[in-house]
Structure formats: structure tokens, C-alpha cells
Amino acid sequence: MKLYLRYFSIHFKSQMQYKTSFFLTLLGQFLTAFSTFLGIWVMFTRFRAVDGFTYTEVSLCYAVVLMAFSLAETFFRGFDTFPRMIGNGEFDRILVRPRSPIFQVLAAKIEFSRLGRLLQAVLVFAWAIPRSGVDWNAANLATLVGMILSGTFVFAGLFLLYAGICFYTLEGLEVMNIFTDGGREFGRYPLSVYGEGVLRFLTYIVPLALFLYYPFLALLGRSESLLHRICPAFALLFLLPCYLFWRIGLRHYQSTGS
Amino acid sequence: MTAGRGLRPYLSFFRIRFLCGMQYRTAALAGIATQFAWGAMNLLAYRAFYAADPSAFPMTLEQISCYVWFNQAFLTLFMLWFLDADIFAAIRDGGVAYELIRPLDLYRIWFVKNLATRAAKVTLRCLPILVVACVLPKPYGLTLPVSAAAFLLFLVTMLLALVLVVAFCMLIYITTFYTMNPLGVRIVATSMCEFLCGAIVPIPFMPDGLRRVIELTPFAAMQNLPFRIYSGDIAGTELVQGIVLQLFWIAALILLGRLMMRHALRRVVVQGG
């Protein structure tokens, strides 16, 4: 942990060396996310609700997925540059060091400019939380925090899976973007909007719905089920297969030799 | 210099870039799968909005389906954030000097390079998406064009839209002569323009006041125009107006780009080394 903090401060300092570049990238992240939000706004100037969810409710849902994603992206996107790490042999260097490879890959890249999205999420939360009509008692607050944290780890799991696949393909697979970037973009609407089939897939295969949809129902008071409220905890089980896949991939790893 | 000979070097720039772009076939395959999933998810969301209130829906389901699939199939043709990193590098590290000593027109070289990269990418990607979209059940698939004339105009405006998009990107490159750091201009182009040209939500969905303003800007003359002509969403006087505006914006942006470039090149300082 102490070592991670060291890395943390080094990354922070190095990114602060290029302040203009840093803040412009931050602004870019913010604006890109903002245009998605504009898209939601546009739709709700015409429609009062979609699948029974109102504008404020959808905004709340969007803020959750955006915050989970940007947290994951800030701290776990070391895996994103993983194909390059394998390609240029940097991963071989990591393997000979006496620390866990996962730790080192994570610490190799911490992108603070991604916080532009986080800022967006905070603003949308600030707007949507008082207007959502949710009774913000302790249980609901805990559910919301649980959703965000669980979401962060599910996205982290997806990044890990992506890196695990790289052991075989040696290059990044754009297909994974369907679940990472796609999860962020499509998570803006409560997932039932996409129909029964998609919802089931996102419940049992890639558990985005477990932190995004079912606890959300509980939050809005549409479901009394305790099970729905604690769904985010089950979503964490997703990390297990992701980790296993990474381990198996690691055992199969053959250096590219460069 | 005769016209024929004058064009040949630009054609070879086009060919080289095109062939270069055709090399990345695996990446294209992965891209197709991704884009297909994105299109499908988008369409499912529109379906839900349609179910919520069909009377508030400004297009038919068939029309939005065509729009969504075209948007995915021709993504690489029209995306405004797709800029040539080589050109930015050339401006920054002085490589532009090599291009300037050629007896050719720099604006034209960059223009055809951009056309070619986009054309190559779309050649690899569009067909599979279009084919699959065609066999999807009604109303979620790609329908036939409303008429032969509409199809013809679709092709023409599509070509013009591509020219307009590249003319717009040229302005971004040329601005870099002044700012040196491409980041700032790029950020605006990547975020807000995508929204304005209807890549996030089609323009008919926007509130009336905003929609009327956007329809006058060059952004409405990009993908918005051909995609909606195809499905008959834009027809009659609106169509004529659209094409006139499109031609006007192409002329205006190219003229502006050329003027800016001439001014920029007069004061360009290539740092040695």
C-alpha cells in the first residue's frame, strides 16, 4: 500500500508537469461526458418517461455508472495499456520484480485526467439527488455507495479480463469495448429499457445489472426485495473468473522477445 | 500545368493512403462487431422511447433504424474526432517543411490524404454492417430507399458530406499552425461537434429552437442530410434547401481553409533540427 502511494504521488507529480495539457484533457473528458448528458436531456424534452423512468431517475442512473466507470478508469486503467506493455517487453521486466504483477500493472498508470468524467458525475449527482424523490435514509445511501463501489470493481474486472485476453492475442481486442465503454454509454438508461434478453445477459453473464439496475429499483422504492438491495455484493463475484482468467493467461504467457 | 497532369500526384497520395488503410483487417473485424452491438443497443433504446410515447417520436421506427445503421456503417467516414496524427506531428516537429518544398499544393495533399484514410476505413467496415442490417426483421432493419431518386441523392449528398467533413477537419489542422498544441481545438471538435452533427441524437429529436439553429450550420449538412434523404425523412423543398446549404458550406469552409492556410504559411517558422 505504501508503495502504491509512492507510485500515486509520482504519477500525480509527473502529470502536473504538463498543466495545460492536463487540464485540457480533463476538460475534454468532461465535455465528452457532457455531450452524452445533453443527449439524455434532448430525449427528455420530448418524452416524459422511458420504460416508466423519469428524467431525474435516468440522470441518477447515469451518474452512478459514470462515477463507477471513471473511478475504475482512473485507478485500474493500467490494464488498458497492457497490450503495449506486452508488445514492448515491459511486462517481462515486471515479472522479474518481487511484487505481484497485477499490482505493478495497476501502479504503472494512474490517469488523473479521467477525473474530468468524475467531476461530471459529481455534478449530475448534485443535480439529481435532491430531485429524484428518493428518501435518502441510511439504507438508501448505503445502497447508492454500494452500487458505485461494486460498479467500480466490475469495470475493473472487465479491464482485467481484457488484459488476460492479451496474453493470447498480444493485442487489444476492441470487442471488449462493448462492455467497458459500452457499459458506460448504455448504462445511462436503466437496463430494462433494452428489453428482457439484454437484461438477462447483463445479469448472469456480464453483471452490469447487478450493480446498476436491481439496487436502483430498490433505491426508487419500486422493489421491496432485500435481495435487490444487496445485489451489488454479488456482482463482486465477477472478479473471480476474471482473476482466474488472468492467472491462466499468465501461465501461458510467452514473451514476445522484444 | 494541364488539369490532367495536375491531378495525378494527388491521386497517388490518395492511393497510397487508401492501401495503407486497408492493411488493418483484423482491427476492422473487431470494430465491426463492436459497432454492431452499439447500433443494436441504440436501437433498443429508441424502441423503448417509441413504446413510451409514439406521438412524440419525430421519425418512424423504420427511419430511425436506417439512421442508426447508417451511423454505424459510415462512422469512420463522418466522425469529426478522427484526425490524422501525422499532420499534427508534421506541423509541430517541422516535417511540414518537406511537404512545402514539393511543387504541390499543401491544402490539396492533406485534403486527399484525409479523404483516402476515411474511404479506406469505411470500405473495410460498412458492407458487413449494411448486409446484416438488411436482413434484420422490420422495422429494426435497413429498409430499401423510398425511391430511386432518393437513393441517387443519398449517394450524392453522402459524397458531398464527406468533402464537407474533411473541409472542416482541415480548419482544425490549420488552426494548429497558430496554437501549436492541437489538444485544445481537438477537444472542442471531439465533444461538442459530435453532438451538433447528430451523431449522439439525430437532429429531429432536438427541441425546436435548437434544431432550427443547428439546421443552418454546416453540422446539419454532414451525416444528417444523406441518412435522412434515404429514408424519405427529408424531401421536397427541405431537400433542395439542404443541398444548397451543403454546397454553400463546402465552398465557404474550403475558401476559409485556404485563406487561413495562406496566412499561416506566410508566417510559419520551421524550427531547425
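What follows is a short chat about a predicted model.

Reader: Before I start, what should I know about numbering and pLDDT?
Author: Residues are numbered from 1 along each chain as its sequence is written, and chains are lettered from A and ligands numbered from 1 in the order in which they are written. This is a predicted model, where local features need pLDDT of at least 70, side-chain atom pairs count only at pLDDT 80 or more, and totals for chains, interfaces and linings use all residues.

Reader: Fine. How many helices and strands in chain A?
Author: Chain A has 14 helices and two strands, taken as DSSP runs (H or I, at least four residues, for helices; E, at least two, for strands) numbered from the N terminus.

Reader: What does chain A span along its principal axes?
Author: The C-alpha trace spans about 60 × 40 × 35 Å.

Reader: And how much of chain A is buried?
Author: Buried residues are 41% of the 258; buried means 20 or more other C-beta atoms within 10 Å of the residue's own, with C-beta atoms placed from the backbone.

Reader: Switching topic. How many residues does each chain put into the contact?
Author: Chain B gives 28 residues and chain A gives 32. Two residues are in contact if their C-beta atoms, placed from the backbone, lie within 7 Å.

Reader: Which element supplies the largest share on the chain B side?
Author: α2(B), with 13 residues.

Reader: Back to chain A. At what angle do α2 and α7 pack?
Author: Helix α2 (residues 19-46) and helix α7 (residues 115-131) of chain A pack at about 45 degrees, with axes 7 Å apart. Axes are lines fitted to C-alpha atoms, for helices over the stretch in contact, and angles run from 0 to 180 degrees between N-to-C directions.

Definitions and conventions. Buried ≥ 20, exposed ≤ 12 C-beta atoms within 10 Å, placed from the backbone.
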